[in-house]
Amino acid sequence: MKKRLFIVLSAAMLFIGMGVMAQEVKKNDQSTERITAEQIAQKRTDRMTKELSLTEAQRTQVYAVALQQAQKMVQHRAKAEAMGTQRAEKVKVAKEAYGLQMQKILTPEQYKKWQEIRVRHEMRNGAGTGAKECAMRQAKCRKVRK
């Protein structure tokens, strides 16, 4: 009886492990594809519409700004290797400009919530590298929570 139970459990774990491996391969295949600036802008706009309850006018404005931002980011990615440290500075300036444009479009309550979402996203995706950037992200996260 114990042998049968052991065999059944072993087989079940084998099949579960194979399923996990298959999902990981599928995920990796998708991550190698580059999405277009329009797709990035559309996803951002859809997410912000859902999370911030944007009006149709805000949605249109947010899409236009997000498209501009996404196009800049796609260009920056294309030149990333050649630019080195200059890339980080340009990305920072672009993000600040994007934030200022969003502040003009969103209500103060929506803008605050958008900033919190943005910080969580950066923390989750590891924006920046190294100890200094990590400490800065943690400080920024604490500042937004207060």
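**Exercise 1. Where is Ser53 found in the chain?**

Step 1. Ser53 sits in the loop between H2 and H3, where helices (H or I, at least four residues) and strands (E, at least two) are DSSP runs numbered from the N terminus.

Step 2. Check the backbone: Ser53 is not a glycine, yet it has a positive phi of about 55°.

Step 3. Now its surroundings. Ser53 is exposed, with a relative accessible area of 58%; buried means under 20% relative accessible area, exposed over 50%, and partly exposed in between (1.4 Å probe, protein chains only).

Before you go on, a word on the source: this is a predicted model, in which local features need pLDDT of at least 70 and side-chain atom pairs count only at pLDDT 80 or more, while totals for chains, interfaces and linings use all residues. Residues are numbered from 1 along each chain as its sequence is written, and side-chain values use heavy atoms, with hydrogens and water left out.

**Exercise 2. Describe the overall make-up of the chain.**

Step 1. Take the elements: the chain has seven helices and zero strands, and from the N terminus on they run α-α-α-α-α-α-α.

Step 2. Turn to burial: 22% of the 146 residues count as buried.

Step 3. Look at contacts (heavy atoms within 4.5 Å). Among those between residues at least 6 apart in sequence, 55% join residues at least 24 apart.

**Exercise 3. Find the salt bridges and say which parts of the chain they join.**

Step 1. Set the rule: a salt bridge is a side-chain nitrogen of Lys or Arg within 4 Å of a carboxyl oxygen of Asp or Glu. The count by this rule is three.

Step 2. Begin with Arg59 and Asp46, whose side chains meet in a salt bridge at 2.8 Å, N to O. Arg59 belongs to helix H3 (residues 56–78) and Asp46 to helix H2 (residues 37–52), so this pair ties together parts that are 13 residues apart in sequence. Both partners are partly exposed: Arg59 has a relative accessible area of 21%, and Asp46 has 36%.

Step 3. Move on to Lys95, which forms a salt bridge with Glu122, the closest N and O atoms being 3.6 Å apart. This pair links distant parts of the chain, with Lys95 in helix H5 (residues 85–105) and Glu122 in helix H6 (residues 108–125), 27 residues apart. Lys95 is partly exposed at 28% relative accessible area, whereas Glu122, at 13%, counts as buried.

Step 4. Glu122 also meets Arg118 in a salt bridge (3.9 Å, N to O). Arg118 and Glu122 are four residues apart in helix H6, so about one helical turn separates them. Through shared partners, salt bridges join Lys95, Arg118 and Glu122 into one network.

**Exercise 4. Characterise helix H6 along its length.**

Step 1. Compare its span with expectation (1.5 Å times one less than its number of residues). H6 has 18 residues and reaches 26 Å from its first C-alpha to its last, close to the 26 Å expected.

Step 2. List its buried residues: Gln110, Tyr111, Trp114, Ile117, Val119 and Glu122.

Step 3. See what comes after: H6 is followed by Gly126, with a positive phi near 70°.

**Exercise 5. Which residues touch the most other members of the largest nonpolar core?**

Step 1. A nonpolar core is a set of buried Ala, Val, Leu, Ile, Met, Phe, Trp, Tyr and Cys residues joined through side-chain atoms within 4.5 Å. Of the 18 residues in the largest one, Met48, Leu52, Tyr98, Met102, Leu106 and Trp114 touch the most other members.

Step 2. Assign the core to elements: H2, H3, H5 and H6 are those that give two or more residues to it.

Step 3. Follow Tyr98. Apart from its neighbours within four places in sequence, Tyr98 is in contact with Arg44, Met48, Val65, Ala66, Gln69 and Trp114.

**Exercise 6. Locate the enclosed space and name its lining.**

Step 1. A cavity is a set of points, on a 1 Å grid over the protein atoms alone, where a 1.4 Å probe fits but cannot get out; lining residues have an atom within 4 Å of a point. Grid points are joined across faces, edges and corners, and a volume is the space filled by probe spheres set on the points.

Step 2. Searching the whole structure gives one cavity of 30 Å³ or more. The largest cavity has a volume of about 40 Å³.

Step 3. Its lining consists of Val65, Gln68, Gln69, Lys72, Ala94, Ala97, Tyr98 and Gln101. The elements giving two or more residues to this lining are H3 and H5.

How values were computed:
1 Å grid on protein atoms, 1.4 Å probe; cavity = no way out; pocket = protein on both sides within 12 Å on 5 of 7 lines; lining within 4 Å.
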